[in-house]
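Please keep the sequence and the model in view while reading.

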Amino acid sequence: MYLGIDLGTSAVKTVLVDGAQRVIASQSRALTIASPHQGFYEQDQAQWIEATFATLDALKASHGVELAAVEGIGLSGQMHGPTLLDADDKPLRPCILWNDGRSAAECRILEQRWPALRAITGNKAMPGFAAPKLLWIARHEPEIFAATSRILLPKAYLRLVLSGEAVEDVSDASGSLWLDAARRDWSDAALAATGLSRAHMPRLVEGCAPAATLRKELAQRWGMVRRPMIAGGAGDNPAGAIGIGAISPGTAFISLGTSGALLAPSDHIAANPDRVVHTFCHAIPGMWIQAGAILSAASCLAWAARLFGVPEAELLAPLGARPQAPSPVSFLPYLAGERTPHDDPVVRGMLDGLSHGTDRTAIVQAVLEGVAFALADCRDALGDAGIAVTEADVIGGGSRSRFWLSVLADVLNVPIHRFADGETGAAFGAARLGRLAVTGEAIEAVCTPPQRVETFEPDRAVAEAYAERLSAWRHLYRPGH
């Protein structure tokens with residue numbers, strides 16, 4: 001038996017997977033986000049631990065026999081958020097999250113200090129990444145920066161609590177701007193540019209490699225026969241790739257979670273930082289992932305549900321199975337700024353084309369289309385890096401909406417595929433990494449694609465209408481607004 005724990009932004013999801021790769025049970029606990037100022041997003045690390053322990057306690061109560069047999073644990077986590085620890089490994093402040101935009105000025109400073117940043121990391125300095133956040137803390141909270149003994153990303157902090165070991169995998173480390181992406185090792189020059197050294201960093205491993213062992217007292221708490229091995233694990237999107245078997249060039253997938261991304265595995269680095277294409281190490285050796293990322297995806301639908309005061313399912317129900325034409329309303333999904341291709345932390349969302357005749361359904365459809373248009377921007381940025389997307393699988397909570405997947409097929413004008421349990425992709429991928437760390441099996445034997453349950457083909461006429469609307473939609477973006 002194997003456990004996959006996904007420490008997301010909105011929830012911790014834990015899945016229990018057997019040797020036949022069947023999900024035996026799952027548990028989820030919600031997380032909350034604090035926003036002390038506009039554009040600031042933080043999370044208390046204690047929530048992560050409480051939520052993780054609650055999922056495991058619940059699994060012990062419902063599936064104690066299966067949990068007792070767990071041999072390996074894999075961790076997946078939201079990327080980019082630094083947890084600053086003191087000499088006793090206690091958090092010094094809440095974690096600044098991936099969608100936080102406060103460090104735009106520090107990004108410019110970082111690139112000036114280290115001109116080789118884009119060439120070495122494969123990424124542009126953006127407020128979402130960890131390194132600029134550290135410069136912001138050094139400038140605005142110097143006493144906290146001075147007291148910092150160690151810096152861990154979210155799932156690495158969770159692993160520290162679970163095992164007592166400070167270890168990070170190279171995929172998650174790629175989202176820090178402290179990693180040499182080609183060498184898959186910390187960059188001393190990158191660390192020096194933020195006033196840090198390797199002494200502040202955890203040990204690095206590959207995602208499928210053994211990293212630590214669960215603490216004895218925790219194994220006893222959850223009734224485990226032996227102390228399970230904890231794998232290196234992965235950032236949420238690389239873990240999602242492992243979960244759907246996206247481990248070779250030529251595959252592509254879309255993540256429709258709180259944020260969104262269009263991702264393509266590659267056996268070489270195909271960087272395009274000027275167009276804000278992200279370069280991450282994959283969770284398996286010798287592979288990388290190129291990604292276009294948007295800061296708001298399924299969270300846009302959640303915003304609309306709050307706006308109208310009804311559940312998301314009730315918003316989606318009147319839309320039907322697939323669009324017949326674009327909504328008369330246009331929506332910019334930049335509720336928390338944007339990454340690919342704009343790198344604009346201060347831009348905000350917009351509804352355009354409202355009239356007296358506009359109803360709720362038109363607005364909801366526009367919200368889904370706006371996210372799809374933003375992913376089309378990601379597709380074009382990947383295309384500039386030589387990566388062609390001819391079809392895509394979809395994972396994340398948004399994958400439950402057949403209408404949304406039809407919109408994606410029409411906007412991107414490619415077939416879109418859905419899995420039965422696409423919303424558990426990252427946690428399931430983490431469980432696979434936990435298995436690989438224990439068994440040493442061939443990666444391709446374990447990381448097989450799950451069965452696609454439905455394919456959404458583009459409708460030619462609707463796709464042509466969306467192509468025209470996309471061109472007009474792009475003119476709505478106004479830098480700095």
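## Two helices in contact

In helix α13, Gln365, Glu369, Gly370, Phe373, Ala374, Ala376, Asp377, Arg379 and Asp380 meet Tyr466, Arg469, Leu470, Trp473 and Arg474 of α17. Contact here means heavy atoms within 4.5 Å. By class, six nonpolar, two polar and six charged residues form this contact of α13 with α17. The classes are nonpolar for Ala, Val, Leu, Ile, Met, Phe, Trp, Tyr, Cys and Pro, charged for Asp, Glu, Lys and Arg, and polar for the others, Gly among them.

Helix α13 covers residues 360-384 and helix α17 covers residues 460-474; their axes are 11 Å apart and the packing angle is about 85°. That makes α13 roughly perpendicular to α17, a term for angles of 65 to 115 degrees. The axes are lines fitted to C-alpha atoms, for helices over the stretch in contact, and angles run from 0 to 180 degrees between N-to-C directions.

## Basis of the model

This is a predicted model, in which local features need pLDDT of at least 70 and side-chain atom pairs count only at pLDDT 80 or more, while totals for chains, interfaces and linings use all residues. Residues are numbered from 1 along each chain as its sequence is written, and side-chain values use heavy atoms, with hydrogens and water left out.

## The chain as a whole

The chain contains 17 helices and 24 strands. Helices (H or I, at least four residues) and strands (E, at least two) are DSSP runs, numbered from the N terminus. Along its principal axes, the C-alpha trace spans about 60 × 50 × 40 Å.

Buried residues account for 60% of the 481 residues. A residue is buried under 20% relative accessible area, exposed over 50% and partly exposed in between (1.4 Å probe, protein chains only). Among contacts between residues at least 6 apart in sequence, 73% join residues at least 24 apart.

## A buried helix and a buried strand residue

Helix α6 (residues 154-163) is largely enclosed by the rest of the structure, because nine of its 10 residues are buried. Among them are Lys155, Tyr157, Arg159 and Leu162. Gly164 follows α6 and has a positive phi, near 85°.

Val15 belongs to strand β2 (residues 11-17), and its 2% relative accessibility counts as buried. Leaving aside neighbours within four places in sequence, Val15 has contacts that include Tyr2, Leu3, Val23, Ala427 and Phe428. The C-alpha atoms of Val15 and Gln27 are separated by 6.6 Å, with the two residues 12 apart along the chain.

## Backbone exceptions

Most residues other than glycine have a negative phi, and most peptide bonds are trans. The peptide bond from Thr340 to Pro341 is cis, with omega near -5°. Pro341 lies in the loop between β20 (330-332) and β21 (350-352).

Asp89 has a positive phi, near 60°. This residue sits in the loop between β6 (83-85) and β7 (95-96), and Asp89 is partly exposed, at 23% relative accessible area. Leu177 also has a positive phi, of about 70°. Leu177 is in the loop between α7 (170-173) and β10 (179-180), and it counts as buried at 1% relative accessibility.

Definitions and conventions:
Angles under 35 degrees count as roughly parallel, over 145 as roughly antiparallel, 65 to 115 as roughly perpendicular and the rest as oblique.
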